Amino acid sequence: MKSAVLLFPGINRETDMVAALEKTTGVKPHVVWHTETTLPKVDLVVVPGGFSYGDYLRCGAIAARSPIMADVKAKAAKGLKVIGVCNGFQIITEAGLLPGALVRNAQLKFVCKEVRLRIENNRTFFTNKMAEGAVVSCPVAHGEGNYICDPETLQELEGEGRVVFRYVEGTNPNGAMSDIAGICNAAGNVIGMMPHPENMIEALHGKRDCLPLFESLLAA
Amino acid sequence: MKAKIKVTLKNGVLDPQGKAIEGALGSLGFNGVNSVRQGKFFEVELAETDKAKAQAQLKQMCEKLIANTVIENYDIELA
């Protein structure tokens, strides 16, 4: 399982993601700077969290148009697995790899806390070691995680089982439509999520609830 | 050539910032504010001197970067 973690100016969660991937897959990921035009030969690309370009214009908007993203888009169209976490979710959504948009949290506050996530679809490459309907703890840390899309897209996402992660009812931290915390594309090879599973995989994190997500990568 | 671009949230897209401004105006004593929607304003200077070409360029800029057409509308005004 070879992976690459993309790095843009202003990203600050890449170290945690690299550590999580190395610990769980046994292989140190490539860290790829945004000005590169070609990805190394990998099975998975992860776009980590942070504040790329200081969230200028819109969260993820500028990073989504950087040189490396053209190759990510081209290879994702051919089946390359892509995960975007937090700012990474915003970046891949701005890049058009996932439908909809992430806007300002409904209550206007940056939220940094632990939420309860339900695994709504355990047939993806990032959830296959989880039971469907399982509930896990996972931290969130974002100001713009309020997922929105048009009603047709929402119907599609729900109908096709493409809502992968949902905040447990009553714990939605940002006002996201239908409590959506994470989705995948139609082909199932691109997943975006606001919570940070890389920060809930070892004893020092307090809980290891999200370890099976990373273990799923090896089974996929 | 100078252009002014307005980017606004589409109807139906929740605007929590506009709502907060609306609330603050109310608490300042401005009664009767029915709604506030916040948007963005850009001034762009172009080397292009042909109006039609400039318009086409600006439209592309809006579609590709300046606006997220999933949630936003844009309006281009050429000086």
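What percentage of the 220 residues in chain A is made up of buried residues?

1. The structure under review is a predicted model. In chain A, buried residues account for 53% of the 220 residues.

2. As to overall dimensions, the C-alpha trace of chain A spans about 40 × 35 × 30 Å along its principal axes.

3. The secondary structure of chain A comprises 6 helices and 11 strands. Considering contacts between residues at least 6 apart in sequence, 74% of those in chain A join residues at least 24 apart.

4. Of its 5 residues, 5 are buried, so strand S9(A) is largely enclosed by the rest of the structure.

5. One pairing of S9(A) is with strand S6 of chain A, residues 111-119; the two run antiparallel and are joined by 3 bridges. Within this pairing, Tyr167(A) of S9(A) stands opposite Leu117(A).

6. S9(A) also pairs with strand S10 of chain A, residues 180-184, again through 3 bridges and in an antiparallel arrangement. Here Val163(A) stands opposite Ile183(A) of S10(A).

7. Taken together, S9(A) is joined by bridges to S6(A) and to S10(A), and 5 of its 5 residues are buried.

Methods:
Residues numbered from 1 in each chain as written. Chains lettered and ligands numbered in written order. Predicted model: local features only at pLDDT ≥ 70, side-chain atom pairs only at ≥ 80, totals over all residues. Buried ≥ 20, exposed ≤ 12 C-beta atoms within 10 Å, placed from the backbone. Helix = DSSP H or I, 4+ residues; strand = E, 2+ residues; numbered from the N terminus. Pairing = 2+ DSSP bridges. Contact = placed C-beta atoms within 7 Å.
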